[in-house]
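Hi everyone, thanks for coming. Have a look at the model first, and then I'll walk you through it.

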Amino acid sequence: MEEDDDQPCVCPSTVYRTLPGGLYLAAKNGEILKVRQYLQDGNDINAADADGYTLLSSACVGGQIAVVRFLHKQPYLHRNTRDWAGDTPLMHAAMMGHVDVVKELITRPHPCRLDLNALNNYNENASTLAISNKYVEVSEILQNVQLPQLPGPEDFVVEKSPAKAKDCFGIKFECEVCLEDYDTEERRPRSLSCGHSLCTSCITETLMRGVLKCPFCRKIHMPEVRLASNVPVNFIVDSVIQGHSS
């Protein structure tokens with residue numbers, strides 16, 4: 001990756017047919033546990049399928065913000081890889097109108113600096129792709145970008161391995177969607193009716209897209225809620241966190 005803070009990373013060409021088709025779908029559909037397991041098994045985070053799609057580009061196509069955030073936690077991720085049409089992950093997010101994914105890509109400090117002006121095989125960049133698909137908000141965001149400074153080695157620390165979620169006697173103390181530690185505020189743990197738990201912030205993001213559906217078992221939370229605060233707190237985890245914070 002480039003050492004010059006002002007220049008985008010010159011990412012290596014991906015090797016096609018190294019990413020199983022099932023993993024393309026897992027990333028595209030937001031099946032983060034399958035993605036984590038794939039990386040836990042020692043596979044290449046930048047592997048590409050038969051069309052040149054990597055895990056990151058697949059997640060950008062599907063608008064899977066949780067998968068994108070998870071992949072951003074890995075320092076060896078390349079973010080300017082190209083598929084068969086020369087499209088980068090940012091281009092995919094822009095042409096699909098995934099505002100939250102575009103914002104995540106351009107605001108997240110990462111050793112692989114984004115190439116905002118990259119052109120695909122048809123001489124289009126992320127901004128022009130957004131415009132041609134009538135995603136005005138995305139194009140405006142991309143025309144007013146100030147990329148964050150690159151993190152130094154001492155700043156970019158992968159706090160959690162994909163294989164090692166914190167647990168105690170089988171109890172998880174981090175949200176398995178965003179992989180952030182539970183806390184007593186924005187990341188307060190809440191229990192869905194299916195039994196799985198998410199943090200308050202991830203529930204809020206899910207509700208912004210419509211019905212609250214569990215990302216793991218796909219069951220719809222009952223009764224229907226409009227606010228994350230209406231989902232019951234996981235008091236088993238919460239009580240431990242409250243004890244450590246007091």
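So, the largest nonpolar core has 40 residues; a nonpolar core here is a set of buried Ala, Val, Leu, Ile, Met, Phe, Trp, Tyr and Cys residues joined through side-chain atoms within 4.5 Å. Buried means under 20% relative accessible area, exposed over 50%, and partly exposed in between, with a 1.4 Å probe and protein chains only. Val-35, Leu-55, Leu-71, Leu-90, Leu-105 and Leu-142 have the most contacts inside that core. Helices H1 through H8 each supply at least two of its residues; helices are DSSP runs of H or I, at least four residues, numbered from the N terminus. There's also a second, separate core of 18 residues, with Cys-175 and Ile-241 among them.

Quick note: this is a predicted model, where local features need pLDDT of at least 70, side-chain atom pairs count only at pLDDT 80 or more, and totals for chains, interfaces and linings use all residues. Residues are numbered from 1 along each chain as its sequence is written, and side-chain values use heavy atoms, leaving out hydrogens and water.

Now, which residues of H2 are buried? They're Ile-32, Val-35, Arg-36, Tyr-38 and Leu-39. Looking down the axis of H2, these fall within an arc of 160 degrees, taken from the directions from the axis to the C-beta atoms, so they line one face of the helix. Their cover includes H1, H3 and H4.

Leu-71 is in contact (heavy atoms within 4.5 Å) with Val-35 and Leu-39, among others beyond four places in sequence.

Last one: a cis peptide bond joins Met-222 and Pro-223, and Pro-223 lies in the loop between H9 and H10.
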